[in-house]
Amino acid sequence: MSHCHSPAGLKSIPEGARRIVLAGNPNTGKSVFFNHFTGIYVDVSNYPGTTLEISSGSFGNDVVIDTPGVYGISSFNDEERLARDIILNADLVINIVDAVHLERDLFLTQQIIDTGLPVVVALNMVDETARQGLEVDQILLESLLGVPVVPTVAVRKIGFAELKDRLAGARTGQATPGLDELLDGMALRPESRAEALLVLEGDPVVAKRLGADPGSRREEIYLARRGRVDSIVRQVVRESSGGALPPVLLSRWMIRPITGLPILALMLYAMYQAIGVFIAGTVVGFTEETVMQGWYEPAVRALAARLIPLESIPGIILTGEFGLLTMTATYVLGLLMPLVVGFYFFLSLFEDSGYLPRIATLVDRLLTGMGLNGRGVIPLILGFGCVTMATITTRLLASERERRIAILLLGLTIPCSAQMGVIAGMLASVGGWFVALYALVIFSVLVIIGTVLNAVLSGRSTDLLIDLPPLRLPRPDNVLKKTATKSYGFLKEAFPLFALGALMISLFQLTGVLSFLQDLLAPLTVGWLKLPAGAATAFIMGIVRRDFGAAGLSGMHLSPDQAVAALITITLFVPCIASVLVIFKERSRLEAAMIWGSSWALAFLVGGLVAQLYAAFGGTGGTAAVPPVILTFAGITLATVLACRLGRRKKTGRPEGGKANA
Amino acid sequence: MTLDRAKRGQSIKITSIPDAGVRIQAIRFGLAEGSMVTCEEVIPAGPIVIRSHRQLLALGRGLARRIQVEVGGDPIVSLP
């Protein structure tokens with residue numbers, strides 16, 4: 001088995017092995033098929049685009065390759081380009097369709113059939129059709145499409161045996177009427193019919209690859225294909241009366257602001273209670289203090305003492321205050337791991353239930369003001385899991401402009417789950433007003449940056465066009481597996497970076513650089529942020545990973561106002577090393593360097609502003625000075641938003657949104 | 001009229017989608033000029049949610065403003 005980032009990376013396809021490609025719309029259960037065929041677990045996402053990674057595994061003598069869920073193969077976004085290239089190189093395609101949504105799903109089916117590749121269709125979720133009062137004539141569908149159709153219920157493992165039996169019968173199906181004539185009439189005849197089709201459909205990438213001019217008849221072909229699909233659906237689907245519709249009411253409540261915002265707030269509150277209060281308090285109290293500091297660290301020190309003197313340089317590096325074996329292990333396993341697991345558990349619930357696209361619809365209005373559309377909330381939410389991964393998922397955004405805004409917002413303002421966990425834990429102990437202050441300041445910064453970027457960057461962002469999948473009760477086994485996979489991913493990524501950070505800090509401490517840096521940063525940390533001098537260490541640690549820095553803060557004795565100012569600063573601080581690397585890969589060097597530099601400035605500017613305002617309003621640790629600080633920030637945000645709107649109106653000469661799509 | 005003026009429960013016929021890129025994506029979702037859909041939800045100042053067969057689609061307001069529609073029937077009494 002192998003995990004590869006590009007189809008070109010699919011090395012080691014054995015001699016004579018067939019490439020069996022799984023293709024389908026998002027939410028059709030493709031990954032369950034993949035797991036069944038290959039026996040390894042991959043992400044099953046309810047949102048189009050949470051995995052851009054391509055998984056492949058062996059099935060008998062053949063290789064099974066998964067593709068991102070797409071509605072068609074063309075070049076609309078990175079997922080499609082990836083799916084397109086994998087499908088073009090397939091020997092056989094297993095197309096998974098959702099039996100309840102044939103009108104939508106059969107478009108991709110017909111497009112794959114039009115490529116001339118051998119296809120088998122898995123008619124998945126057939127159990128749902130009866131429940132929704134539908135009847136699908138599978139035999140007729142098979143004869144109309146001209147390829148084998150196998151009914152399946154993937155989550156209950158029904159139909160897999162028949163599907164495997166019928167792979168041998170995969171064949172080229174009935175093309176869209178009129179298409180063969182168009183293909184015959186092409187001046188250039190590429191080797192494969194699939195490539196010819198894509199050139200004919202005007203796919204710029206494939207055309208360029210073959211040195212041909214992209215065709216201009218895409219819409220004509222799409223309409224003919226749509227006509228054929230609609231006619232097939234009319235013939236094979238019968239609606240019987242009765243049958244319950246999916247949970248419509250809840251779905252409505254989730255997208256209407258008046259009910260949707262309270263629901264969203266409730267979900268976030270539940271997360272805060274579960275992660276910030278229960279896990280950060282009770283669970284971490286046990287894992288960090290009892291297990292790691294109580295048992296593990298003394299045991300490691302005792303063991304190390306037998307081999308090397310603890311006061312020697314290697315002894316300090318391994319088991320000292322910032323020891324590789326002591327502090328790193330305690331932070332990662334005792335403190336961060338439980339928090340990360342908690343966060344990914346919630347994220348998996350949101351993904352698998354179909355809630356994420358509804359959040360996108362709910363917040364679309366807010367995000368259009370920041371130059372994103374509702375879809376932009378997906379990378380932002382994923383950023384609360386891991387900023388690094390979320391930066392990669394910005395590829396699902398439709399325009400370069402949106403990517404730029406989303407990556408900047410991610411890098412500057414979104415704390416990742418590990419950091420969130422520590423922050424939530426620290427906030428839980430400072431009380432309601434300070435929590436509100438923290439949340440409002442971070443939110444204001446997000447809105448201000450987004451709004452200013454939207455006003456400054458040229459062009460206009462694309463509009464929301466998103467499919468709302470039916471709400472489903474998440475399957476516990478899938479949620480748990482996904483939580484486990486993602487948490488393991490965190491461990492793999494965080495441990496080396498933490499070790500690097502700990503090593504760096506230990507060396508700084510031994511060489512005296514640490515106290516030098518502390519003195520150097522003192523005007524900022526002590527004078528401007530009003531923190532103890534030791535806080536500088538946390539920020540130095542935060543350069544490696546912000547959660548590392550936040551964890552450093554959690555060990556200090558801070559008053560509530562100091563804690564909030566420090567947390568705001570560390571939240572807005574530079575993205576972790578892994579994220580920075582990804583940002584450098586995804587953006588130009590100049591842009592990435594600017595993101596890194598501006599997060600330094602922004603973090604200290606805003607954190608200090610909070611500390612200074614709090615003191616100016618007469619605060620000495622109590623909550624009395626908090627509301628005026630909150631009001632000041634709300635005022636600054638409002639003023640910025642209004643100014644940007646006016647400026648934009650003046651520039652375009654009409655209200656925003658009135659201009660044609662770029 | 002344009003889609004952003006639609007009211008919840010109205011059954012609507014799409015008459016024109018001016019943007020070629022959007023038109024292509026809409027065809028994949030089963031929407032073409034001439035399709036009948038139901039307006040499922042109108043988020044104040046936000047997206048319009050339409051139902052086409054069993055599928056729900058959310059369209060941003062800016063996009064809805066550019067799609068020409070005809071109201072093709074009386075508002076269907078819908079769930080609260």
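In the predicted model, the secondary structure of chain B consists of two helices and five strands, which follow one another along the sequence in the order β-α-β-β-β-α-β. The radius of gyration of chain B is 11 Å, close to the 12 Å that the globule rule gives for 80 residues, so chain B is as compact as a globular protein of that length. The C-alpha trace of chain B spans about 35 × 25 × 20 Å along its principal axes, and buried residues account for 49% of the 80 residues in this chain. Of the contacts in chain B that link residues at least 6 apart in sequence, 57% are between residues at least 24 apart.

The contact between the two chains draws 33 residues from chain A and 30 residues from chain B. On the side of chain A that touches chain B, the elements that give two or more residues are helix H3 (102-114), helix H10 (218-236), helix H11 (248-255), helix H16 (364-368) and strand S10 (465-468); the largest share, five residues, is provided by H10(A). By residue class, this side of chain A comprises 14 nonpolar, eight polar and eleven charged residues.

Strand pairing also extends from one chain to the other, as four bridges join S10(A) to strand S4 (residues 55-59) of chain B, the two strands running antiparallel. Within this pairing, Asp467(A) has Leu57(B), a residue of S4(B), as its bridge partner.

Terms used
Residues numbered from 1 in each chain as written. Chains lettered and ligands numbered in written order. Predicted model: local features only at pLDDT ≥ 70, side-chain atom pairs only at ≥ 80, totals over all residues. Rg over C-alpha atoms; globule rule 2.2 N^0.38 Å. Buried ≥ 20, exposed ≤ 12 C-beta atoms within 10 Å, placed from the backbone. Contact = placed C-beta atoms within 7 Å. Nonpolar A, V, L, I, M, F, W, Y, C, P; charged D, E, K, R; others polar. Pairing = 2+ DSSP bridges.
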